[in-house]
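Subject: Structure handover

Hello,

I am passing on a structure that you have not worked with before. Please have it open while you read the notes that follow.

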Amino acid sequence: MTPTDMNQRPVACIVLAAGKGTRMKSDLPKVLHPLAGAPMVRHVLAAAESLNPARIVVVVGPGMDAVAKAVAPYPTVVQERQAGTGDAVAAARPLLEDFRGDVLVLYGDTPLVTPETLRALLGVLRGAGDPAVAVLGMRPADPGAYGRLIVGADGGLERIVEFLDATAEERAVGLCNGGLMAFDGTRMWQIIGAIGNANAKGEYYLTDAVAIAAGRGWARAVVEGPVDDVLGVNSRAELAQLEAILQGRLRAAAMANGATLTDPATIWLSADTRLGRDVTVGQNVVFGPGVTVEDGVEIRPFCHLEGVTVRTGAVVGPFARLRPGSDIGEGAHIGNFVEVKGSRIGKGAKANHLAYIGDAGVGAGTNIGAGTITCNYDGFLKHRTEIGAGVFVGSNSTLVAPVSIGDGAFIAAGSTITDAVPADALALGRARQSVKEAWAAGFRARKAAEKAAKGKG
Ligand code: UD1
Ligand code: MG
């Protein structure tokens, strides 16, 4: 089948997310725990979205309003009682009963599934024999408590047996159920409707779908996928394991796209981090959500970036913090212990040491001296500082917003600037220096005498 044929049948996705995640020991629903800067369930949705599905439905538990919010704009249905994966899928029926296409079932707590694996599963569903159901199999090193795929003498998938219900012989089978399944939507609800709960757990097992399809003489398909794709999160330790795998994938992708990561294991990326060609990232750099780094940028060690665009050829760090809403212009330099928030830094501008630039505009070629602070907050509201192009802001200046500084102006070091500075002006906002000649010698003599007098008494 060519990719074009494959796209002719519309796809719908059901994401199961009603599980309580008790073992996370958390007030946050399990699927909202973040991986690579985004809630776990958003990774599942992103994989689903890669198929251009006609519909996505998320199954949640009672009171999981936060999950409903996080999966917007996709609709949710509530599974009233957690009665098993088969029951969870049945909860989505009202939203999909009229759907004529292929229906994919994904788990909200299995976030590493890739578009390739989903395509492979759809591929076998749409392949030879017109299967009613397709299952994603895998062969983990330790099959543990996974369901086992039981294949008949003819090589066809006969049924799935859950670990608790399996005989010793069945438990010895290495081919396991990865959990993801795909259905022909026109036969799906007949199958789901026939699932019972006569098993060790007294739950409605989605996995029974295979034996039910077999009983009706409908074909079943299986495709083996990578174990990593179907790893689930049940505990904080597993969350950390999956984060490590995901970080490995993101780093590999960044390098494949032409970024140098000096010590990849120390770089933390968000799923949406975009690094251009010939970007160099030094050791120990954190990319929070919403970062775009254009070509040829150098991020030196120990920087923290979030919600920022860094333009071509800029140099950042070491030890810089770039906060949301910032735009670092082409060739600009942001140096050590400089924090930038909600600010636009112009082309070639420099803030090389110890500064806070918040809610500001900084023009092209402007130099921000060491220790410059924009006082953007008056205790109630935030205010903007507008600094023009080619401005020289002397060291240790405080710019009390709202305030503006015109193009080409000079701010004397140590100034507190509260009023607008016109273009090309010099602004001095500090006490005038006074010098008392020979004062120190007199002071020392006086103090020495005082000390001697005290020693006698
Ligand atoms: C399931 C499979 C098992 C497979 C394994 C792979 C069944 C019966 N078993 O077992 O064969 O090897 O996945 O990881 O399907 N959920 C609901 N409502 C429910 C129950 C579950 O929404 O009532 C959701 C969970 O939140 C989770 C997913 O469905 O996202 C899977 O449930 P889980 O309890 O983890 O199934 P397993 O026992 O792991
Ligand atoms: Mg599970």
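How far apart do the C-alpha centres of domain 1 and domain 2 lie? They lie 44 Å apart. Please keep in mind that this is a predicted model.

**Domains and their interface**

The domain assignment places domain 1 at residues 3–230 and domain 2 at residues 241–427. Contact between them involves 10 residues of domain 1 and 12 residues of domain 2. Together the two domains bury about 820 Å², of which 69% is on carbon and sulfur atoms. On the domain 1 side, Leu35, Ala36 and Leu112 lose the most area to domain 2, and together they account for 62% of what that side buries.

The interface also has 4 residue pairs in polar contact and 1 salt bridge. Aspartate 229 and arginine 249 form a salt bridge through their side chains, at 3.3 Å from N to O. Threonine 114 touches both Asp229 and Arg249. Threonine 114 sits in the loop between strand S6 (102–107) and helix H6 (115–125), and it counts as buried because its relative accessibility is 15%, under the 20% cut-off.

**Salt bridges**

The count for the model comes to 19 salt bridges. One of them joins arginine 55 and aspartate 98, whose closest N and O atoms are 2.9 Å apart. Arginine 55 is in strand S4 (residues 55–60) and aspartate 98 is in the loop between helix H5 (93–96) and S6, so this pair ties together parts that are 43 residues apart in sequence. Arginine 55 is partly exposed at 27% relative accessible area, whereas aspartate 98 is exposed at 52%.

Another salt bridge joins aspartate 130 and arginine 187, with the closest N and O atoms 3.3 Å apart. It links distant parts of the chain: aspartate 130 is in the loop between H6 and strand S7 (133–138), and arginine 187 is in helix H8 (residues 185–193), 57 residues apart. Aspartate 130 is partly exposed, at 44%, while arginine 187 is buried, at 11%.

Lysine 447 and glutamate 450 also form a salt bridge, their closest N and O atoms being 3.4 Å apart. Both are in helix H11 (residues 439–456), 3 residues apart, which is about one turn of the helix. Lysine 447 is partly exposed at 41%, and glutamate 450 is partly exposed at 47%. Finally, Arg9, Asp102 and Arg126 are linked in a network of salt bridges.

**Strands**

An open sheet of 8 strands runs in the order S14-S17-S20-S23-S25-S27-S30-S33, with parallel pairing. Its edge strands are S14 (274–275) and S33 (403–405), each pairing on one side only. S14 pairs with strand S17 (residues 292–293) over 2 bridges, and arginine 274 has threonine 292 as its bridge partner in S17.

Strands S8 (residues 148–151) and S9 (residues 157–161) pair in the antiparallel sense over 4 bridges. They form a hairpin with 5 residues between them, and glycine 155 in the turn has a positive phi of about 85°. Valine 151 has leucine 157 as its bridge partner in S9.

**Valine 67**

Valine 67 is in helix H3 (residues 65–70) and is buried, at 0% relative accessibility. Beyond its neighbours within four places in sequence, valine 67 is in contact with Pro29, Val31, Leu32 and Val60. Its C-alpha is 8.4 Å from that of alanine 17, a residue 50 places away in sequence.

Regards

Definitions and conventions:
Residues numbered from 1 in each chain as written. Chains lettered and ligands numbered in written order. Predicted model: local features only at pLDDT ≥ 70, side-chain atom pairs only at ≥ 80, totals over all residues. Heavy atoms only, no water. Buried < 20%, exposed > 50% of the residue type's maximum accessible area, 1.4 Å probe, protein only. Contact = heavy atoms within 4.5 Å. Pairing = 2+ DSSP bridges. Domains from an automatic or database assignment. Buried area = accessible area lost by both parts, 1.4 Å probe. Salt bridge = Lys/Arg side-chain N within 4 Å of Asp/Glu carboxyl O. Polar contact = N/O pair within 3.5 Å; in protein donor to acceptor, adjacent residues only side chain to side chain.
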